[in-house]
Amino acid sequence: MTDLNTLTIDSARAAVQQRTTTAMSLVEHHYEKIQHEDGLVGAYLTLCKERAMEQADRMDRMAAEGVELPALGGVPIAIKDVMCAKDVRTTAGSKVLGNFVPPYDCTAVARLEAAGAVVLGKLNCDEFAMGSSNENSAFHPVRNPRDPSRVPGGSSGGSAAAVASDMAVAALGSDTGGSIRQPASFCGVVGLMPTYGRVSRYGLIAFASSLDHIGPLAKNVKDAALVLRTIAGRDPMDSTSAEVPVPDYVAELGKPVRGLKIGVAKEYFGEGLDAEVRTSVEAAIQQLAQLGCEVIPVSLPHTEYAIPTYYIVATAEASANLARYDGVRYGYRSKSARTLSDMYRRTRDEGFGAEVKRRIMLGTYALSAGYYDAYYLKAQKVRTLLTRDFEEAFRKVDAIVTPTCPTAAFKLGEKVNDPLAMYLADIYTVTADLAGIPGISIPCGETKEKLPIGLQILGKHFAEATILRLAHAYEESAAKP
Amino acid sequence: MKVSEADVQYVADLANLELTEDERARMLRDLNSILSYMDRLNELNTENVLPMAQVSDRYGVDESKQGSERFDYASRQDVLEGLRKSLPHETALANAPEVDEHFFKVPKVIER
């Protein structure tokens, strides 16, 4: 019996290559695990068994013929349900797309499969990736595998929970305000948001186009590097995907971290930071210092304005992006309407959940005549200030180290009736999205209640290799007794 | 109160939402609470600050170029099926709630 708990990308691929197991057997073990345990966790929305078995068979035949498998050959991976997969239902966690079957593949998904990965299925998430707890899924919430009374974080809650409970070796998530890093932190896995433009957004269902990022959630830093290396790089189908060469992130992991300068910003250690989280993160910073990193205080003075800026920019873009759900070409249509305008309204009323409507309303208000300058334009200007803060800091340091979240995972239901309290769960993650810089969350200890705590490492634009290297060095040193 | 009941109605109209009476009441409360939090942005003087709509025009681009020239790499020949084939007709219609042989069907636009 394969031990799914210790299975990583390299060990899975090697086992398939050396015929100590088969890709088909790995797929079956994962589906068994999902069948037994996902009833409680709720990570998956759709399984694509036929597609998975076809790909597994392809990899097994390659291995049998002695052909060298590609980098992710035979590795079972799952996809957040905001990325299209051809002929596989893709819902974005919304009733409005409850029966949507895309006619094409998202570039990131296609690149994973081209590298041999076996896509097991589509993972639950907050509706249109809007949420920090996964309670906004139109289907069912996800529970934190470490403590089922608690949320897994959001919006990539299914992705983090699937990896944390060994129901996938790795997963793709998306991050608009922290939606990869925050659930990674809550579930005790690694989550990487690449630089804006590093990974093509083609086939990603849009939430806020200037902030949306696709990235990996994985059991360790090396696996995150392997997935990023596979999905990164220019794609002519996304005009915002950058023409910047993709380094070998895995090879870069081996470089020493001694002498790297890491910044610590007091604004990320202020009021609202849980004492146990603070202690763990400070200990991790000490650990990096012992590895030879130079710890330097930096200031990001506009940090307290990040949440209002983010929730104006993101909702404004969302209100425009979600205008497409009109019940005409695809998706849900209200049955009760007699006229076209009735149909639009009722379709959207019945199709969208409460948080999505709230954000559409907020964004529409911020863009409406008379309020555009006061809200949207103002927020765009403050976005410039927040980005300048990072530019200043990165003149002095190679990376910035912070807590990923102010607290460990909270209880289901704890914040559902207070949208503002929910928004504040993103307080340490939204600035990186606004500035477009990369960030990674890695586990750095537990609370007394055994809940995972996340360490966030932020880097310069396109400097994923540096933050992966730091994360890897910390991970290795923390694993030693 | 920054947002009135009439504002909620107006914005819902703009967004093509109807909202039930309960939803409107809840929206009134939530929008006021969230917007008053957002007002803290007014503490900042942004008179000489340029707005930032996106990041892709300033990072990972050739900085010796200006304006749209920075995106020359992203432009392509305007040719039919240049990047991919168009969807077959039936595939394009497959996800629609209501179709006839050729078209998407919608309720009447104008009542006679």
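Let's start with one serine. The side chain of A:Ser200 reaches the backbone nitrogen of A:Tyr202 at 3.0 Å. Keep in mind that this is a predicted model.

What else does that side chain do? It makes a polar contact with the side chain of A:Asp235, at 2.6 Å. So is A:Ser200 buried or exposed? Buried: its relative accessible area is 1%, and the cut-off for buried is under 20%. Leave out residues up to four places away in sequence, and A:Ser200 touches A:Thr107, A:Ile214, A:Asp235, A:Asp238 and A:Ser241.

Where is A:Ser200 in the fold? In the loop between S5 and strand S6, residues 213-218, of chain A.

That brings us to the sheet. It is open, with eleven strands and mixed pairing. Here is the order in chain A: S1-S3-S2-S4-S6-S5-S10-S11-S9-S7-S8. Which strands sit at the edges? Strand S1, at 44-47, and strand S8, at 294-298, both of chain A. Each of these pairs on one side only. From one strand to the next, the twist averages 30 degrees.

As background, strands of a sheet pair through backbone hydrogen bonds, either parallel or antiparallel.

Now take one pair from chain A. Strand S10 covers residues 439-446, and strand S11 covers 452-459. They run antiparallel, and six bridges join them. For one partner pair, look at A:Ile442: its bridge partner in S11(A) is A:Leu455.

Next, the helices on this sheet. Helix H16 of chain A, residues 464-479, packs on it. H16 touches strand S5 (190-193), S7, S9, S10 and S11 of chain A. The direction of H16 makes about 15 degrees with that of S10(A).

Then helix H13 of chain A, residues 372-396. H13 lies across strand S7 (261-265), S8, strand S9 (399-403) and S11 of chain A. Against S9(A), H13 runs at about 115 degrees.

Last stop: a contact between chains.

Terms used
Residues numbered from 1 in each chain as written. Chains lettered and ligands numbered in written order. Predicted model: local features only at pLDDT ≥ 70, side-chain atom pairs only at ≥ 80, totals over all residues. Heavy atoms only, no water. Pairing = 2+ DSSP bridges. Helix = DSSP H or I, 4+ residues; strand = E, 2+ residues; numbered from the N terminus. Axes fitted to C-alpha atoms, helices over the stretch in contact; angles between N-to-C directions. Contact = heavy atoms within 4.5 Å. Buried < 20%, exposed > 50% of the residue type's maximum accessible area, 1.4 Å probe, protein only. Polar contact = N/O pair within 3.5 Å; in protein donor to acceptor, adjacent residues only side chain to side chain.
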